[in-house]
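Visitor: I have this one open beside me, so please walk me through it in plain terms.

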Amino acid sequence: MLPRRCPSTAQARQSRALIIVNTDFCSSAGDVVLGTRRGAKREAEKLSEALSELNYKVKLMHNSTAKEMEDLYQQECSREHGEFFVSIISSHGEEGAVFGSDCRPLQLTRIFRILSPRNCPVLTERPKVFFIQACRGGALDQGVFLETDSGQPEPCSFSEYLRIPPNTAVMFACSPGYGAFLNPSGSSFLQALLRALDGEERGLALSRLATRLNGDVALRFQARGTFEGCKQMPCFVTNLLQEVFPFSAMSESRQFLPCPALQGGPEEEERQPGCKKSQAM
């Protein structure tokens with residue numbers, strides 16, 4: 001990998017972070033068809049504080065409609081950006097989409113198209129990192145342990161929306177087709193991210209940081225209550241061409257070099273599959 005250079009004063013613009021958290025949902029007809037996401041707002045506020053301490057210029061938005069979410073990404077195309085662009089979305093979701101507070105889906109393909117080199121030249125050379133806390137379906141991971149010394153794994157396929165823009169990494173809270181968990185103290189996925197940003201893990205390359213998050217969530221989390229024993233497995237997708245250190249020493253010298261266990265509350269009836277309110281929510 002090419003050596004990282006210390007940016008000059010002219011290059012030292014703050015990196016930007018966009019956090020979108022939707023907690024209350026109501027359709028245009030006034031129907032509440034998605035459950036309230038308890039714990040998500042405070043979690044997003046903590047993430048905003050953590051990124052600000054790492055020298056990010058953070059924009060935190062609460063309860064944005066699908067159109068407003070789209071407009072927020074469109075606005076980034078006319079902003080000045082530093083080394084990185086980080087975005088965190090916390091909402092209800094389904095495979096390939098996240099929901100606005102108006103219960104309308106915003107396709108991830110639309111977000112990625114807005115930030116493509118053709119439509120957003122200002123971010124072409126900047127690594128773009130997404131963390132998405134949202135369901136990707138209604139299936140539950142029963143956490144089956146499989147030990148084998150033969151046989152071939154089943155092939156895994158991804159839908160077209162994962163054709164992310166160049167120089168982009170996306171980390172999902174759960175695997176395709178599965179639900180993500182949330183309780184009043186927050187989500188296991190974003191709580192793990194918060195812990196990493198507050199600890200030595202923030203000095204790791206993004207790919208290694210993602211692996212740590214995978215381990216925290218997949219091995220340490222287990223749902224309780226109605227969904228007793230269910231597990232969650234994050235998913236990391238990237239087309240970055242070199243290692244990047246988006247959270248390394250940015251509040252100190254901005255040298256891009258690597259420099260307590262996750263505490264999750266009981267997962268009550270807080271799974272959030274699809275766009276319909278279920279008994280789990």
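**Around one cysteine**

Visitor: Which residues is cysteine 26 in contact with, leaving aside its neighbours within four places in sequence?
Guide: Cysteine 26 is then in contact (heavy atoms within 4.5 Å) with Asp31, Ser101, Asp102 and Cys103. This is a predicted model, in which local features need pLDDT of at least 70, side-chain atom pairs count only at pLDDT 80 or more, and totals for chains, interfaces and linings use all residues. Residues are numbered from 1 along each chain as its sequence is written, and side-chain values use heavy atoms, with hydrogens and water left out.

Visitor: Where is cysteine 26 found?
Guide: Cysteine 26 sits in the loop between strand 1 (15-21) and helix 1 (40-53), helices (H or I, at least four residues) and strands (E, at least two) being DSSP runs numbered from the N terminus.

Visitor: And why does it count as partly exposed?
Guide: Because its relative accessibility is 35%, which falls between buried (under 20%) and exposed (over 50%), using a 1.4 Å probe and protein chains only.

Visitor: Changing topic, in what order do the six strands form the sheet?
Guide: The order is 2-1-3-7-8-9, in an open sheet with mixed pairing, where two strands pair if DSSP finds at least two bridges between them. Strand 2 (56-62) and strand 9 (235-238) are the edge strands, each pairing on one side only.

Visitor: How many bridges join strand 3 to strand 7?
Guide: Six bridges join strand 3 (residues 85-90) to strand 7 (residues 128-133), and the two run parallel; serine 90, for example, has glutamine 133 in strand 7 as its bridge partner.
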